[in-house]
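Here is a short report on selected backbone features. It takes sheets, then peptide bonds, then phi values.

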Amino acid sequence: MTTIRDARPALPPRPFRPPPAAIERRPFRDNPRLILLGIVLLIAALAAMVTLTDQSRELSPDFLSGVVLYALSAADLTILVVLLFVLARYIVKLAVERRRGLPFSRFRFKLVLALLGLTIIPSVLVLLVGGRLIRDSTQRWFSAPIEDVVSSARNIALELYREREKHVAAHASRMAREMPAGAVAAANLDAVRAAVKSEVTQGRVKLVEVFRLERGQPVPLVAVESPTMPRGPARPSADRFAARIAAGSTDSAAFDPLDAGGELVRSGAVIRDAGGTPVGVVIASDLLSTELAAQSRRITAAYEGYTQLQVLKRPLEGVYLSFFLMMTLMILLSATWTGWYLAKRITRPVQLLAAGAREIGAGRLDHRIEPETRDEFGSLVEAFNTMAGELAASQKKLERSRVDLERKNIELDERRRYIETVVERIATGVISMDADGRIETINSAALRLLEVDRSVIGSLADDVLAREDLRPLDILLRHMRSGGSDPAAQELALAREGRELHLAAAMTPLLGEEGDPSGAVLVFDDVTPLIRAQRVAAWRDVARRLAHEIKNPLTPIQLCAERMRRHFSGAPPASRALVEECTTTIVGEVESLKDLVDEFAQFARMPAPRTVPSDLNALLTETLALYNGLFREIRIERRLAEALPPVRVDVEQIRRVVINLVDNAVEALGGSGAQARPNADTPFIVVETQLDAVNGVARIIVADNGPGISPADRDKLFMPYYSTKRRGSGLGLAIVRRIVAEHGGSIEVGDHTPAGTVFTIELPV
Amino acid sequence: MKRVFAFALAAVLLHAAQAAAQTIKITPLARDGQVLVSFNLTDGFNDDVRAAIHSGMNITFQYQVDLRRSTTLWLDRTIASAVVSASVRFDTLTRKYQFTRMHDGRTLLSDMTDSYDVVRQWLTGFEKLPLFNSRTLERNSEYYVRVRATKSPRTAPFIWPWAGHDVMGQVKFTFLPH
């Protein structure tokens, strides 16, 4: 069972459901769950990108210009490669399908191209317009008025800081010059504090810190601050700044944000003694109010944001353009895939039907198509499967009928062969003819009885039976030609080499289904043995009656003759001699008549043979021994077959048969008066035995080289009271035939080559 | 479509041109059981970098330094690796540069200056950094030091996905311990 498995599991019950032998992995396009999952993932990815883009302002520049841009670039390239791969794959598949001549390949490709064409134009337009909008928008971000405002604000703040820085630096330098270096070196705190106190009290600076240098390292000495300075922990930044100033750093200004708000503007200067040797460092600090510092920082932050945006302009453009490009590519890819998917969904059922039709046409009627949808295509597939099922059922019925017909044909053939064999083997001759009288079949018995060969098949029966000896059959052919529908029977006698062959023939016309003649069957049996037997039986009855009627008066006749001889024993010699002669003749003839009557009686009362397995060769040897030395001029020769099996015979009856035949042969050769012939052809008698294992018979052949028997006499030879001898009773060969027949055998007479007669007896082994 | 393609092509070409213009000069030196590596990124400070620094962004130059040995029939083997980074942040209000150097996450230096040249030197030039231990190296064998530099944030409009760094340089040396 071959089945295309692409079905959805939730379809309604179907008339055909193949066994789930192997679970096949369904392709993506036929798995709704996977398709739904893919769509959800796609939407999620788009939502994530939209969100990411929306929050791009909050993202760090590193993340935006690195991770996001990298991800988008990689995604764009990947989608582009996938799109190219999908298109190339479709093109290759189209080329392969067109080369193979598969249907719908052009339709699918056209559908894909149509959808791609429908989507590529708006997608590219969106990409172009979007790109243009992005560039215009970014350009608008950095328009001159905005940049001027931001830069000016930042410059104001910058100038404010510079002015404070210069102001503090000037005070720091002046204090360093006016500071008593000796007091600093000697760590005279009062003198130093007195020198700087006025700076704070008069409000020129908010904080003055003096450091004394010990081995080049600044050590805090005095710090005077304004009461308006916010209180807080010590500021280590002053120490580091003083160290930098002491180290000769050119960076003489610093800005320290305060924890309580505001910012210190610091500036330092080195205090030198009269010789120019640094002895200390003075750091003057002014306080930027919290509000002023915060405003300045906000202005600076805005400026930095603006300038950073300018720096990140290209990456941002890249992000947005990559996003648009990705959207475009995804739309194109989706359109391509959707086109292919739709084409598949549309053409696949038709393809399946076409393939199914080919399978059905190829004889695979168990082929089924599993419906994938419940729409019109599904109904069509169901109808196809129903049709295939009905075809399969019809084919099974036809197959069963064919098998049944084959079986019946075989039976008929066997029966026909059996009948042919029977017809061929039976002793009855059978000839069938068609309506035109042409011989269609003829069996072996018919060939043998009619003495024709199988070449007569196909010949007209009229031509075959036109032979002189077969003319008696013409009466039956005439009956067939006359159109008679009743069988016609006739006993016929055919001449066979001077003998008569008696046939019981019947012609049966054959009629077709509508009663029209379709031929005839000629059947004939050899009834010659039957007729002979009937004749023998009749003769036996005659012999019995004759013997009875003749034998009764013979004894009185003989007694009367002997009485007359005794009565006339005293008569004159002449009378006595006459009586003696007459009575002797009467007694002699009566004796002859008695012998004849005895022979008749014996013929009539022939007993049934009592057969026993006997050795024919020994039987013949013993029988022929009786003739030793009786006939000098006749040579009696024995040709006995070797390995002759025992034959069931009545030994005395067969002995009588052999003696009868040999006596006939001796008499034919001249008996005691036989003489040698001038051509040195010695009169001889050959007694021979043969074994015919094929036909299952043993033969006894008695042949002589006497004058032979004319063909006209041969047929009558075995009839009772027929004899070619002057004093023969005519019962010898009749008895021989009867004995042989009662042993289940047969006897035939023929010519002996070059001269003489041969008798052949066949006895079943 | 042509503009998009031109934009992408220009971005790729610009990226390639910038990478080609930048080089790293590397000088390895084996001394006192260590491999001292000096390298200098030339032309690493262009106008884009300058603008980025002065915008107040935190600009970082990260250098992936690998000590490697060539293999004839297989990929070269990396003996040791180190990551050196230098970052700078410009305070647009006080006009001072705050820069930091780090080695494998440890801060080597953090200072402040108002000199752009100083900053440039600190970001692109490194002298005799003891990055690798030379005790595992084989005498008279040839090695090479590979330095891959990456600047962040990037200012290119397009990132070639397979480009993991902006510029790379390498130099061979034969290990002869002193």
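## Terms and numbering

Two strands pair if DSSP finds at least two bridges between them. Strands (E, at least two residues) and helices (H or I, at least four) are DSSP runs, numbered from the N terminus.

This is a predicted model: local features need pLDDT of at least 70, side-chain atom pairs count only at pLDDT 80 or more, and totals for chains, interfaces and linings use all residues. Residues are numbered from 1 along each chain as its sequence is written, while chains are lettered from A and ligands numbered from 1 in the order in which they are written.

## The five-stranded sheet of chain A

Five strands of chain A make an open sheet with mixed pairing, in the order β14-β16-β17-β19-β18. Its edge strands are β14 (635–639) and β18, and each pairs on one side only. From one strand to the next, the twist averages 15°. Angles run from 0 to 180 degrees between N-to-C directions, and axes are lines fitted to C-alpha atoms, for helices over the stretch in contact.

Inside this sheet, β17 (residues 697–704) of chain A pairs with β19(A) in the antiparallel sense over seven bridges. A:R699 has A:E762 in β19(A) as its bridge partner. Helix α16 (residues 616–624) of chain A packs on the sheet and touches β14, β16 (684–692) and β17 of chain A. The direction of α16 makes about 170° with that of β16(A). Contact here is between residues whose C-beta atoms, placed from the backbone, lie within 7 Å.

## The three-stranded sheet of chain B

Chain B has an open sheet of three strands, ordered β1-β2-β7, with antiparallel pairing. At the edges are β1 (23–31) and β7 (125–133) of chain B, each pairing on one side only. The twist averages 25° from one strand to the next.

Six bridges join β2 (residues 34–42) of chain B to β7(B) in the antiparallel sense. B:V35 stands opposite B:F132 in β7(B).

## Cis peptide bonds

Most residues other than glycine have a negative phi, and most peptide bonds are trans. A:T753 and A:P754 are joined by a cis bond, with omega about 0°. A:P754 sits in the loop between β18 (746–751) and β19 (757–764) of chain A.

In chain B, a cis peptide bond with omega about 0° joins B:S152 and B:P153. The loop between β8 (142–152) and β9 (167–174) of chain B holds B:P153.

## Positive phi values

A:A187 is not a glycine, yet its phi is positive, near 60°. A:A187 is found in the loop between α5 (181–185) and α6 (189–201) of chain A. B:K128, also not a glycine, has a positive phi of about 45°. B:K128 lies in strand β7 of chain B.

Key: Two residues are in contact if their C-beta atoms, placed from the backbone, lie within 7 Å.
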